[in-house]
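Okay, thanks for coming, everyone. I'd like to walk you through the pockets and then the aromatic rings, so let me put the structure up.

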Amino acid sequence: MLTQLAQAIREGRLSALELVQESIGRIERLNPALNAVTEVWAEEALARGEKVDERGAEGPLAGLPLLVKDNTDVAGKVTSYASRTMLDRPPAERSEVTVERMEAAGAIPIGRTNLPEFAFQGYTDSKQFGPARNPWGLAWSPGGSSGGSAAALAAGLAPIATAGDGGGSIRTPAAFCGLAGLKPTNGLVGRRPIPSWMDYSTQGPLAAGIEDVKLLLHVMRGPTDGDPTAAPSWQYGGGIPRRVLAALRTRNVGSLPEDVEEPFRAALAAIEGELGLPVEEISTTSLFPSLDLTETQTRDDWLTTVAAEELIWLGRGWVKEHLDEFSDDFRAAMEYGLTLTLDDYLEVRQHRFAYASDLDRLLGDDTILVTPTNGYAGWLPNGMLPDGDRPAEAEGYNTGEFNMSGHPALSVPAGMSANGIPFGLQIVGPRYRDDVVLEFGAMWEEARPWPVTAPGYEPYVP
C-alpha cells in the first residue's frame, strides 16, 4: 500500500497536501473514541504537504503522513514520554535517526501517538494522556507500548506511524490490532539518541502488511555514528525456513488459556496444511536450557535490566523526587529499580549471553520458532484482565526473551480470538535472518490474508 501511495504522489496522481488533509480530518473524526493520537501539527504539516506538491515529490515515502510515538524525538518538538514530569523539557534539537531517515525518504510528520509512561507497559495508558482504545473493540487495549501507533494504523488515521520494541512494544500492539510488526535483529537499525534500555530497545516497522514492513525496514535500517552495537551492513537475501519449531510459551508460567491455544493450534495446522512446512512442537524448557527458568521467572531478568537502566537514565535522585507524580505501574518499576544493586544488574546482564547462545544453537541459520505473541486474548485499556481482578503480567507475554537474545521477531495476524480481537502469531528467526522471518510472513499473508483496517474503518487509500 505504501509503495503505491508514494508512487501516485510522485507521479502527480495524488496530492501530498490532500493526503495530509485526509489524515487530519480522520484524526478529528475518529480519534476522540480511540485516543490514539495526542498531538497534531496541522499548520506545519499542511505547509510541508503544499511544498512537496509545488517542488515535486521524491523518495520511497514521498508525501506520506507520519505519526510519531511520543518517546521518539522530532526536531523542534517536545518529547514527553507520556509523563507529566517531562512537559517542561526543551524541544529536541534533532530528530531520532529513523524519523530522520523517513523524512529523508519523503514522509511528513503530522503529530504524536499515545503510549504508557516512559513506554514501560504492555498497555497504553498514563496520567498524562489517558487510555488508548483498540479499534477492533473499544473495550480492549491496543496493547503497548506502541499502542497509539497501532490503533492509529488499524483505524486508518495515517499510513505510517513509528514504533519501538524493548520487550514486545511493537509485537504486542501488532497482535491485538491485526497488523504486522517486526522487532528487527538488535543492531540492524542504528540508534540515536541512546535509548534508556541500552541493548534491548530498537525501532522497527509496524504496518498493515508484509510489503509495507519490508519497505519501512529498508528505509530505517543501517548503522549510525555513535552506536557501537549497530551492524555495519545487511543484505536482504530472502529464502524460506528449512524447519519450523513451535512452543506454547517462552517461560514456565503455566498452560495457555483455551482462547489463546485454540487459534494457535489452528495456525500450526495451517502452516503444515497450507504452507507445506512440517511443525515440530518443543517444550518451553528446550528454548533456554542453559538457564534455570524457575529462578529467572522469579527474578525476571528483563525487568531487572530495564528497571535499573531506566533509573540510571533518568537519574536516581530525580526519580526519588518525582515518584509521587508517576503512574502507579511506572512508580512500582522505579521503586523496584531503587532496590537493585550493581551485582543484581550485572548478574542478569550476563544471562543475556545464555539467551543468545541457546537460541543460536536451536535455530541455526535456517530454522524459525513460532509462538503465540501474547499469552492472553487481550486486556482492558488499563492493563487489567477482563475479570478486573489482576493485571496481565509475565504470563501475558512471549516477547521479552527475544529482546534479550537479539533475535528478529515478527507478529502477524493469525485469526481472531473469541473476544473479537485479532490473534497474533509470533515468528522468531536466526539473528540477522530477518529476511527468512519476513519471507515466512509473506507466505503466511498470501495463504491467510487479513484486513487492512479494523471493521468500520476505511483503509488509508483516499
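So, the largest pocket first: its volume is about 730 Å³. A pocket here is an open set of points on a 1 Å grid over the protein atoms alone, where a 1.4 Å probe fits, with protein on both sides within 12 Å along at least five of seven lines. The volume is the space filled by probe spheres set on those points, which are joined across faces, edges and corners.

Quick word on where this comes from. It's a predicted model, so local features need pLDDT of at least 70 and side-chain atom pairs count only at pLDDT 80 or more, while totals for chains, interfaces and linings use all residues. Residues are numbered from 1 along each chain as its sequence is written, and side-chain values use heavy atoms, with hydrogens and water left out.

Back to the largest pocket. Its lining has 29 residues, and Gln121, Trp302, Ala392, Glu393 and Tyr397 lie nearest the centre; a lining residue has an atom within 4 Å of a point. Helices H10 (301–314), H12 (328–339) and H14 (400–405) supply at least two residues each, with H12 giving the largest share, four. Helices are DSSP runs of H or I, at least four residues, and strands are runs of E, at least two, numbered from the N terminus. By type, the lining divides into 14 nonpolar, 10 polar and five charged. Nonpolar is Ala, Val, Leu, Ile, Met, Phe, Trp, Tyr, Cys and Pro; charged is Asp, Glu, Lys and Arg; the others, Gly among them, are polar.

The second largest pocket holds about 500 Å³. Of its 26 lining residues, Asn71, Pro195, Ser196, Ser201 and Gln203 lie nearest its centre. This lining splits into eight nonpolar, 10 polar and eight charged.

Now the rings. How many aromatic pairs are there? The count comes to 13, pairing Phe, Tyr and Trp (six-membered ring) with centres within 6.5 Å; planes under 30 degrees apart are stacked, over 60 edge-to-face, the rest tilted. Take Phe120 and Trp197: edge-to-face, 5.2 Å centre to centre, 90 degrees between the planes. They sit 77 residues apart, in two loops. Phe120 is buried at 6% relative accessible area, and Trp197 is buried at 5%. Buried means under 20%, exposed over 50%, partly exposed in between, with a 1.4 Å probe and protein chains only.

Finally, ring pairs link Phe120 and Trp197 into a cluster that also includes Tyr81, Trp302 and Phe330.
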